[in-house]
Each structure stands twice: as C-alpha cells, then as structure tokens.
Amino acid sequence: SQTSLAPAVPPPVLLFGVPPGLEYFTQVGLILLTGFETNNQYEIKNSIGQEIYHAKEDSDCFIRNFFGPAHGFKMHIKDSMDQEVIQLHRPMRCFLQEIEVQAPPGVIIGYVKQEWSFLPKFTILGPNNEVLLKIQGPFLPFKCCGDIDFEVKGIIGEQSFGRITKQRSGLLKKCISDASNFCIQFPLDMDVKMKAVLLGACLFIDIMFFDKGGHLFLKLLRAS
C-alpha cells in the first residue's frame with residue numbers, strides 16, 4: 001500500500017529542476033495536513049504521520065478576526081531544518097479569492113484562483129497565468145457529515161489528477177477537536193511545483209470554507 005511505502009526522510013541531495021527543500025515531494029503521492037485554528041499553524045506529514053513541513057500564517061490578528069475568511073495573509077512553510085521552502089501570498093478580497101505560491105520564496109510557481117460558481121471551484125495556473133488544472137468541490141461542503149472531496153481534474157474532460165479531502169474520520173480520527181484534517185493525493189510523478197501549488201490550494205480551501213475564526217465584518221453587514 002502507499003502508506004507502507006512512505007519514505008522516512010528527505011533525500012540529502014539537490015535535484016535538478018526541483019525548488020530547494022521540495023526534494024521530498026518527488027517521493028510521495030500523498031500528504032496529510034493538520035491545522036490548528038488556535039494559532040493558525042499547520043503540520044504537514046507523510047502517510048505514516050511523520051512531520052515533513054510546518055506552515056504558519058502571518059497576518060494581523062484584528063484583520064483576521066474582522067474579515068474572517070476574506071482576510072489577506074502570508075503563509076510561511078518551513079522544512080525540518082527550519083528553512084523556508086514555500087511562501088503563500090493572499091491579498092484581501094471580498095469576492096473571487098486567489099493565492100500566489102512561491103518556491104523558493106520570491107519565485108512564483110503558480111496561482112490558485114476561485115471561479116465564479118455556486119460550487120466551490122478553483123483554477124490552478126502556472127507562473128505565467130496559464131491554466132493547468134481545475135479543482136471542484138461538492139455543493140455546500142460545510143453541510144456535509146462525512147469526508148468532503150475536492151477533485152483535481154485536467155482542463156479538458158474529466159480525467160482525475162488527484163484529490164483534496166477534508167477528513168472527519170479515518171486516518172486522522174483521533175486528532176483534537178480544534179484541528180482541521182486534510183489528505184492530499186496526487187500522482188507520484190506529478191511535477192513537484194504542482195504538488196506544492198496543490199498544498200497551497202488545500203490551505204486556501206481550509207481557510208475559505210472551514211475556518212471557524214472571526215466573521216465580525218459579515219456580522220456587522222447582517223446587522224446593518
């Protein structure tokens with residue numbers, strides 16, 4: 001099974017064409033993510049539960065609580081040596097959200113952009129804004145009781161290239177109650193940069209649809 005084949009440690013050598021620090025992504029087709037809302041941090045693990053990266057949101061506390069899921073932020077993703085390997089940038093917007101993915105920090109490798117739709121839909125773009133993949137979730141995902149799948153598909157047809165799953169049972173069943181648990185699956189031979197962009201998409205989806213943080217701005221709008 002894929003779980004038993006998970007590499008224990010990242011390779012010690014740099015690989016041509018792979019952003020520094022992302023060499024480990026060449027060896028895996030599945031990663032797990034646990035987010036802790038109390039401090040806006042995430043643990044990124046392989047399929048046997050070993051932490052391989054750590055993500056921490058950098059945003060203003062007032063802005064985060066006032067605007068809720070619409071708030072802008074910068075996310076720093078570091079490896080086990082505390083070296084920053086991926087950086088996410090999200091501008092503050094009320095509609096059609098997007099996130100920029102950099103690896104290494106300062107080098108744009110892709111974007112995740114929300115589409116106008118009644119369903120949760122996103123487009124994965126390359127560094128030159130070329131459309132590469134699509135992501136689609138179910139209707140009203142926050143109303144579902146079980147696991148929630150966001151399918152990663154090609155731009156033509158219905159060919160599947162992976163899946164982002166919000167887990168409420170199974171592999172991460174025993175996690176504490178304030179944690180957001182996800183499983184990201186992609187082809188083993190997928191371009192490492194696209195794997196990093198899908199990781200960014202997962203963090204983006206969590207904050208947009210499952211963040212239990214403040215929504216003061218929305219509350220004020222409803223009250224007005």
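This section describes selected local features of a predicted model. Local features were considered at a pLDDT of at least 70 and side-chain atom pairs only at pLDDT 80 or more, whereas totals for chains, interfaces and linings use all residues. Residues are numbered from 1 along each chain as its sequence is written, and side-chain values use heavy atoms, with hydrogens and water left out.

Helix α2 spans residues 192-210 and contains Cys 202; helices (H or I, at least four residues) and strands (E, at least two) are DSSP runs numbered from the N terminus. Cys 202 has a relative accessible area of 0% and is therefore buried, where buried means under 20%, exposed over 50% and partly exposed in between (1.4 Å probe, protein chains only). Beyond the neighbours within four places in sequence, Cys 202 is in contact with Leu 33, Ile 164, Phe 182 and Ile 184, contact being defined as heavy atoms within 4.5 Å. The C-alpha atoms of Cys 202 and Lys 166 are 9.0 Å apart, with a sequence separation of 36 residues.

In general, most residues other than glycine have a negative phi, and most peptide bonds are trans. Asp 82, although not a glycine, has a positive phi of about 65 degrees; this residue is placed in the loop between β4 (73-79) and β5 (84-90) and is exposed at 52% relative accessibility. A positive phi of about 65 degrees is also found at Asn 129, again not a glycine, in the loop between β8 (121-125) and β9 (131-136). Asn 129 counts as partly exposed, at 39% relative accessibility. The peptide bond joining Ala 103 and Pro 104 is cis, with omega about -5 degrees, and Pro 104 belongs to the loop between β6 (98-102) and β7 (108-114).

The count of salt bridges comes to 4, each requiring a side-chain nitrogen of Lys or Arg within 4 Å of a carboxyl oxygen of Asp or Glu. Among them, Glu 43 pairs with Lys 45, the closest N and O atoms being 3.3 Å apart. For Glu 115 and Lys 134 the corresponding distance is 2.9 Å. Glu 115 lies in the loop between β7 and β8 and Lys 134 in strand β9, so this pair ties together parts 19 residues apart in sequence. Glu 115 is partly exposed, with a relative accessible area of 23%, and Lys 134 is likewise partly exposed, at 30%. Arg 163 forms a salt bridge with Glu 151, with the closest N and O atoms 2.9 Å apart. This pair links distant parts of the chain, Arg 163 in strand β11 and Glu 151 in strand β10, 12 residues apart.
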